[in-house]
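Thanks for coming. I will go through one model today, starting with the sheet and moving on to the helices.

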Amino acid sequence: GCYNTPPGMYATYFLQGAAAATPAQIPMFTYYEILQTAQATITNFQEGMAEVTQAATNTGIMTRYYNDWRFLLQAIGQTKAVLHIEPDFWGYVRQAGNPTTLPAAVSSVNSTDCSSLPSTIAGMGQCMISMVRKYAPNALVGLQASAWNSAGNTSASTDVTVDAKAVATVLAACGQSKAAFVVVETSARDA
């Protein structure tokens, strides 16, 4: 089982399986770890705004988080891959405020890769994308524009163009302009 394999082997096996497929496939990894890392560290940690205001500022959590991200990227190496960073997280960032002023542990816990980046949520996103360029240069990377952030709004006065621009502004500040794609989730709620 997967619990008996050495660290990183899931990613290695996944990469090997994609390469061995006929035709060869490009593997996709969704890096959805800040919640799980925080839950393993902070008692009764809950999903949501706390991911932005507590987990991203916690030096212990973020040290492990960046180390694990680097580990995955090094396993990918020169292989082509698709990387989706933190579904939901960027939606919570938008709810929390301006990512260029929201604090996050960045350069203090990852001076190896991100010493020149600001210690903000924006710096965190920029750091993660720059790490992809350094360790997995053939990978495509993107952040998620969480549609749930405004999907429940049924007001006829809502200007979806203004809302979309607000989402784009948050993602751009977090490094999306240096990414390859934007991820959006689909919903079965339209049935």
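**The sheet and what packs around it**

The sheet is open, with 4 strands in the order β1-β2-β3-β4 and parallel pairing. β1 (28–31) and β4 (181–183) are at the edges, and each has a single partner strand, so one side of each has no neighbour in the sheet. On average, neighbouring strands here are turned by 25° against each other, direction ignored.

Some housekeeping on terms. This is a predicted model, where local features need pLDDT of at least 70 and side-chain atom pairs count only at pLDDT 80 or more, while totals for chains, interfaces and linings use all residues. Residues are numbered from 1 along each chain as its sequence is written, and side-chain values use heavy atoms, with hydrogens and water left out. Helices (H or I, at least four residues) and strands (E, at least two) are DSSP runs numbered from the N terminus; two strands pair if DSSP finds at least two bridges between them.

Strand β3 (residues 140–144) is joined to β4 by 3 bridges, and the two run parallel. Gly142 has Phe181 in β4 as its bridge partner.

Now the helices. Helix α7 (residues 121–135) lies across β1, β2 (82–85) and β3, at about 170° to β3. Axes are lines fitted to C-alpha atoms, for helices over the stretch in contact, and angles run from 0 to 180 degrees between N-to-C directions.

Which helix comes within 9 Å of α7, axis to axis? That is α4 (residues 59–76), crossing at roughly 25°. α4 and α7 are therefore roughly parallel to each other, the term for angles under 35 degrees; over 145 is roughly antiparallel, 65 to 115 roughly perpendicular and the rest oblique. Residues in the contact (heavy atoms within 4.5 Å) include Trp69 and Leu73 of α4, and Met128 and Val132 of α7.

Helix α2 (residues 34–41) packs on α4 at about 135°, with the axes 10 Å apart. α2 and α4 are therefore oblique to each other. The contact is made by Ile34, Thr37, Ala38, Ala40 and Thr41 of α2 with Ile61, Met62, Arg64 and Tyr65 of α4.

Last, the cysteines. A disulfide, meaning a pair of cysteine sulfur atoms within 2.5 Å, joins Cys114 to Cys127, with S to S at 2.0 Å. The torsion about that S-S bond is about 85°, so the disulfide is right-handed. Cys114 is in helix α6 (residues 111–114) and Cys127 in α7, 13 residues apart. By this rule the count is 1 disulfide.
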